[in-house]
Each structure stands twice: as C-alpha cells, then as structure tokens.
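Please look through the structure below before reading on.

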Amino acid sequence: MTALYMQGISISDIEALIKKAVKEVLSEQSLTEHKELPSETIYLSRKEVSQMLKVSLVSLNNWANSGQLIPFKAGAKRVLYKKEDVENFILKINSKPFKDGKN
C-alpha cells in the first residue's frame with residue numbers, strides 16, 4: 001500500500017477540491033442526460049401515459065416489462081415515453097381482435 005503525505009494543505013482545502021470535482025462531474029452528467037432528449041420529440045411521463053391509456057401504473061409497468069411499450073430512461077429515476085410510441089401502441093391494441101374472436 002502506498003502512503004500519501006500532504007503538507008501545507010488543510011482539510012477545508014481538500015473538501016473544497018472534492019466538492020469542485022463532484023460538481024464538475026454532476027454538471028457533465030446533467031448535460032449528457034439533456035442531450036439524450038431530442039427537442040423535436042414529445043415525451044410523456046408515466047402518469048400522463050397511464051391517464052392517456054386509462055390504465056394503472058402497474059399495467060403500464062407490466063407492458064414496459066413485456067416489451068409492448070418501451071420506456072425511455074431520463075436520468076437515474078425518471079421514466080418517459082415517446083408520445084409517438086404511445087399513439088402507435090393505442091392503434092395496435094385497438095386493431096387487435098377480442099380474444100373470443102368476435103371483433
């Protein structure tokens with residue numbers, strides 16, 4: 001193990017350097033995440049999509065897990081859907097016959 005000895009630098013100086021480095025990294029990540037969302041594409045939140053489809057968030061999550069409706073991750077926690085994808089999904093489910101074949 002290599003030891004590092006620093007003289008003439010205070011703990012508050014080290015803290016300031018660490019804070020500066022963390023802010024730079026977070027700023028770069030924030031810029032990267034915003035670049036991933038093209039401005040001409042309209043994105044909808046999970047809540048907006050569930051209201052549009054008149055289903056629960058659980059159903060929306062099930063469709064996402066099964067690959068029927070593909071979500072877009074924006075950041076660590078935010079999930080968005082392309083409005084165009086949601087509209088295509090609506091057309092797809094409306095064009096399917098009923099399970100008993102009476103459609």
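This is a predicted model: local features need pLDDT of at least 70, side-chain atom pairs count only at pLDDT 80 or more; totals for chains, interfaces and linings use all residues.

Begin with helix H2, which spans residues 46-53. Its buried residues are Val-49, Ser-50 and Leu-53. These residues lie on the same side of H2, because they cover an arc of only 100 degrees around the axis. An α-helix has 3.6 residues a turn, so residues three or four places apart point the same way. On the other side of H2, Lys-47 and Gln-51 are exposed. After H2 comes Lys-54, which has a positive phi, near 55 degrees.

Take H3 next. Two packed helices are described by the angle between their axes and the distance between the axes. For H2 and H3 the packing angle is about 100 degrees, and the axes are 9 Å apart. The two helices, H2 and H3, are therefore roughly perpendicular to each other. From H2, the residues Arg-46, Lys-47, Val-49, Ser-50 and Leu-53 take part in this meeting; from H3, the residues are Leu-57, Leu-60, Asn-61 and Trp-63.

Now turn to the strands. Strands of a sheet pair through backbone hydrogen bonds, either parallel or antiparallel. Here three strands make an open sheet, ordered E1-E3-E2, with antiparallel pairing. E1 and E2 (72-74) are the edge strands, each pairing on one side only. On average, neighbouring strands of the sheet are turned by 45 degrees against each other, direction ignored. E1 and E3 are joined by three bridges, and Ser-45 stands opposite Leu-80 in E3. H2 packs on this sheet and touches E1 and E3, its direction making about 85 degrees with that of E1. H4 also packs on the sheet, touching E1 and E3; the direction of H4 makes about 60 degrees with that of E3.

Which residues form the largest nonpolar core? There are ten: Leu-44, Val-49, Leu-53, Leu-60, Ala-64, Leu-69, Val-79, Tyr-81, Val-86 and Phe-89. At least two residues of this core come from each of H2, H3, E3 and H4. In soluble globular proteins, nonpolar side chains tend to be buried together.

Methods. Residues are numbered from 1 along each chain as its sequence is written. Side-chain values use heavy atoms; hydrogens and water are left out. Buried means under 20% relative accessible area, exposed over 50%, partly exposed in between (1.4 Å probe, protein chains only). Helices (H or I, at least four residues) and strands (E, at least two) are DSSP runs, numbered from the N terminus. The arc is that of the directions from the helix axis to the C-beta atoms. A nonpolar core is a set of buried Ala, Val, Leu, Ile, Met, Phe, Trp, Tyr and Cys residues joined through side-chain atoms within 4.5 Å. Two strands pair if DSSP finds at least two bridges between them. Axes are lines fitted to C-alpha atoms, for helices over the stretch in contact, and angles run from 0 to 180 degrees between N-to-C directions. Contact means heavy atoms within 4.5 Å. Angles under 35 degrees count as roughly parallel, over 145 as roughly antiparallel, 65 to 115 as roughly perpendicular and the rest as oblique.
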